[in-house]
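User: I'm new to this one and would like a careful walk through it. Could you start with the terms before we get to the details?

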Amino acid sequence: MLLKKYPLSIIICCFVFFASCKSHLHPDKKIFHYNEQTGIASLDPAFAKNQSIMWAIHQLYNTLVEVDEHMHLKPLLAKSWDISGDNLTFTFHLRTDVYFNDDAAFINGKGRLLNAQDVVYSFGRIIDKDVASPGAWIFNSRVDTAIAFAAINDSTFQLKLARPFQPILGILSMQYCSIVAKEAVEKYGADFRRHPVGTGPFILVAWEEGLAVVLKKNTHYFERDSNGTALPYIDGIKISFYNSKATEFLEFQQGRLDFINDIEASFKDEILTKTGNLKKEWQGKLLLQKNPYLNTEYLGILVDDKNELVKNSPLRLQKIRQAINYGFDRRKMMLYLRNSIGTAAESGFVPAGLPSFDSVKVKGYHYDPNKAKRLLAEAGYPDGNGLPIIKLLTIPVYADLAGYIANELQQVGIKVQVEAIQKSLLLEQTSKSQALFFRGSWIADYPDAENFLSVFYGKNPAPPNYTRYKNGLYDELYEKAIAEKNDIMRYNLYQQMDKMIVNDAPVVPLWYDMAIHLVHTNILNFEPNGLNLLELRRVKIEKK
């Protein structure tokens, strides 16, 4: 719990115990170690706005539904749910065997049974202006303004929408929607960020800001495996906060960290071949995990013809935008600049890894310099003659990729000037529609293609519609899709929309990202997923 509530000697013992768990002092304890380079700002689910917080929250709390390894939704705190005929009311039937962990916030310090009123309270916090949760957008303009959340009885929760929005189920799997106890929030007030009280597989033991977080197994956790064995298998988790990737890698090499999320660019060539495999000297010593990650890296093009920047630019022409898409080799870029980490984006904007992704039905752009030149000529710029220089805004870490694309495009007659600026400035300019041609990325907030396709919905501002794309037919399909219950029919609508984006080319998809992990060989059942969410309930640790 909170460090200041415990004698220093106990805290020191706690950290010594977990820090030395791999030594001879505690050979029986199975503790999973990982590093969080950016630290952890809060353990309050209402503020689960980035990966470092989301990973920790996922260990401490549960949501009504969750995502499986195939990005399909499945029950968690909710056993099942029903959807009304008008698609506006979602009724969730809750488990009746889930308890909050023991805490002083409860009577006699004993954790109580979770109920539907806890769900009402937790979701209400997200949209409470006094809480100021960055996750308020997930319900804003989507839920009924009169009675959005209701407890029908202790085990039945009801959510009402303002209009049909089928992806709401995916939203409910987000860490923002973790269920908290009102007693704990009220007892700890502003300190609730450091004193989580959840129903999850692990419980906070100690948090020394800037040093480490220590979690222990929740011995009363409700989930069991197919053999009836209680989860989780491991005894605890230690999260360190080394802010240097070099230090993190050294700790990993020496066995003091169990895995590394992503590989620093400066280490990639040391560890990986150009084809994205482990080099011989690392084979057998480490495991390399690669898995589709729901993130599309792209170049965005402002297409609002009312904007002065667009009126005076050749990028207003569809054929110029298509020529750019055909004018560089994505596969070569991935091989030489990315060590094959990721998949060349030769389909639409929706990335590989989502259930609706289909590279056969949605064909994107491949490298075809002759076609690019032909499109340039048809647009009135044969061999690029008369075509003004186009400025591409990016951030320093992507300057080499932008330079590669610019060099390739020059070969077909499109002159691109790369300008690297700070990320904050690029975000400001794209939000204000002041960037004509810019580097961007879109990471899934929840596992539904709607999250990507909403980027082009004409009624959306920037963000998320940074290109200011507007197409009446597209908007009609979007509105039809979000109200469609049948998955297959909804996926078909998504694919039609994605094909429209390919044809109109307000973006230049670069690659579909990949989560990459380095894992020690004694870590078992450590499975990656498309959201790159840290899943430790079924992890086992073998002795080396």
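Analyst: Contact here means heavy atoms within 4.5 Å. The model is predicted, with local features needing pLDDT of at least 70 and side-chain atom pairs counting only at pLDDT 80 or more, while totals for chains, interfaces and linings use all residues. Residues are numbered from 1 along each chain as its sequence is written, and side-chain values use heavy atoms, with hydrogens and water left out.

User: OK, which residues of α15 meet which residues of α16?

Analyst: On the α15 side they are Leu473, Tyr474, Leu477, Tyr478, Lys480 and Ala481, and these meet Arg490, Leu493, Tyr494, Gln496, Met497, Met500 and Ile501 in α16. The contact of α15 with α16 divides into 10 nonpolar, 1 polar and 2 charged residues, where Ala, Val, Leu, Ile, Met, Phe, Trp, Tyr, Cys and Pro count as nonpolar, Asp, Glu, Lys and Arg as charged, and the others, Gly among them, as polar.

User: And at what angle do α15 and α16 pack?

Analyst: Helix α15 (residues 472-482) and helix α16 (residues 487-504) pack at about 160°, with their axes 9 Å apart. That makes α15 roughly antiparallel to α16, a term for angles over 145 degrees.

User: Switching topic, how far apart are the axes of α9 and α11?

Analyst: The axes of helix α9 (residues 318-326) and helix α11 (residues 369-378) are 8 Å apart, and the angle is about 165°. These two helices are therefore roughly antiparallel to each other as well. Their contact is made by Lys319, Ile320, Gln322, Ala323 and Tyr326 of α9 with Pro369, Lys371, Ala372, Leu375, Leu376 and Glu378 of α11, which by class gives 7 nonpolar, 1 polar and 3 charged residues.

User: What about glycine 413, is it buried or exposed?

Analyst: Glycine 413 counts as buried, because its relative accessibility is 11% and buried means under 20% relative accessible area (1.4 Å probe, protein chains only). Its place is in the loop between α12 (399-412) and β15 (416-420). Leaving aside neighbours within four places in sequence, glycine 413 is in contact with Leu376, Asp383, Gly384 and Leu387.

User: Last one: how many residues does the largest nonpolar core have?

Analyst: The largest nonpolar core has 153 residues, and Phe123 and Phe139 have the most contacts inside it. Such a core is a set of buried Ala, Val, Leu, Ile, Met, Phe, Trp, Tyr and Cys residues joined through side-chain atoms within 4.5 Å. A second, separate core of 15 residues includes Leu257, Phe267, Ile271 and Trp282.

How values were computed: Buried < 20%, exposed > 50% of the residue type's maximum accessible area, 1.4 Å probe, protein only. Axes fitted to C-alpha atoms, helices over the stretch in contact; angles between N-to-C directions. Helix = DSSP H or I, 4+ residues; strand = E, 2+ residues; numbered from the N terminus. Parallel < 35°, antiparallel > 145°, perpendicular 65-115°, else oblique.
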